[in-house]
Amino acid sequence: MGPLRTAIKEACEKTVSVVKFLCVLHVMKNYLVNPVMTYGPSMLPTIDLTPNIFLAEKISTRYGKVAHGDIVVHRSPHNPSKIFTKRLIGLEGDSITYVSDPDNGDDKLETVVVPKGHVWVQGDNKYNSNDSRNFGPIPYGLIESKIFWRVWPLKGFGSFEKK
């Protein structure tokens, strides 16, 4: 009976350790920091075409502490299952002037005032980015996190704020 009791006690202790670890992971990913993989041309030249892995923190966005120039991760206003990484250009009340269709060389300028509770996001590559120039200001609630640390590729490892 002794070895069985020891085995059960050890199994319970390991189970408790695994559950604690999973709880910490859950809190980290959903409330503090989560990894984000980005790829595509919309943030060229700041973020290159190859897949990049960043750490993105959720505390700033939860408490409204984002600023002009921050690179944020947000859900698409048209398809919430899609996630975009864009630069925050305007906060509520800001007046934004942008080229409405840079592809056709028209250079027609449009101006919009960002409504209350919304932000204006744009990719750094104005010729190939699906952003607020296409779908308008996005509700602040669609912002999930703010990128602050590059993990991969290793040549760029380190702080990534306001580059």
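Modeller: Start with a network: salt bridges link Glu 57, Asp 70 and Lys 146. Keep in mind that this is a predicted model.

Colleague: How far apart are N and O in the salt bridge of Lys 146 and Asp 70?
Modeller: The N to O distance between those two side chains is 3.8 Å. The pair links distant parts of the chain, 76 residues apart: Lys 146 is in strand E9 (residues 143-152), and Asp 70 is in the loop between helix H2 (59-62) and strand E3 (71-75).

Colleague: Is Lys 146 buried or exposed?
Modeller: Lys 146 is buried, and Asp 70 is buried as well.

Colleague: What does Arg 75 pair with?
Modeller: Arg 75 forms a salt bridge with Glu 144, with 2.6 Å between the closest N and O atoms. Arg 75 sits in strand E3 and Glu 144 in strand E9, so this pair ties together parts 69 residues apart in sequence.

Colleague: And how accessible is Arg 75?
Modeller: Its relative accessibility is 27%, so Arg 75 counts as partly exposed. Glu 144 has 23% and is also partly exposed.

Colleague: Different topic. Which residue forms a salt bridge with Asp 124?
Modeller: That is Arg 87, and the closest N and O atoms are 2.9 Å apart. Asp 124 is in the loop between strand E7 (118-122) and helix H3 (132-135), while Arg 87 is in strand E4 (residues 83-90), 37 residues apart.

Colleague: Why is Arg 87 counted as buried?
Modeller: Because its relative accessible area is 12%, and buried means under 20%. Asp 124, at 25%, is partly exposed.

Colleague: How many salt bridges does the count come to?
Modeller: The count comes to 6.

Conventions
Residues numbered from 1 in each chain as written. Predicted model: local features only at pLDDT ≥ 70, side-chain atom pairs only at ≥ 80, totals over all residues. Heavy atoms only, no water. Salt bridge = Lys/Arg side-chain N within 4 Å of Asp/Glu carboxyl O. Helix = DSSP H or I, 4+ residues; strand = E, 2+ residues; numbered from the N terminus. Buried < 20%, exposed > 50% of the residue type's maximum accessible area, 1.4 Å probe, protein only.
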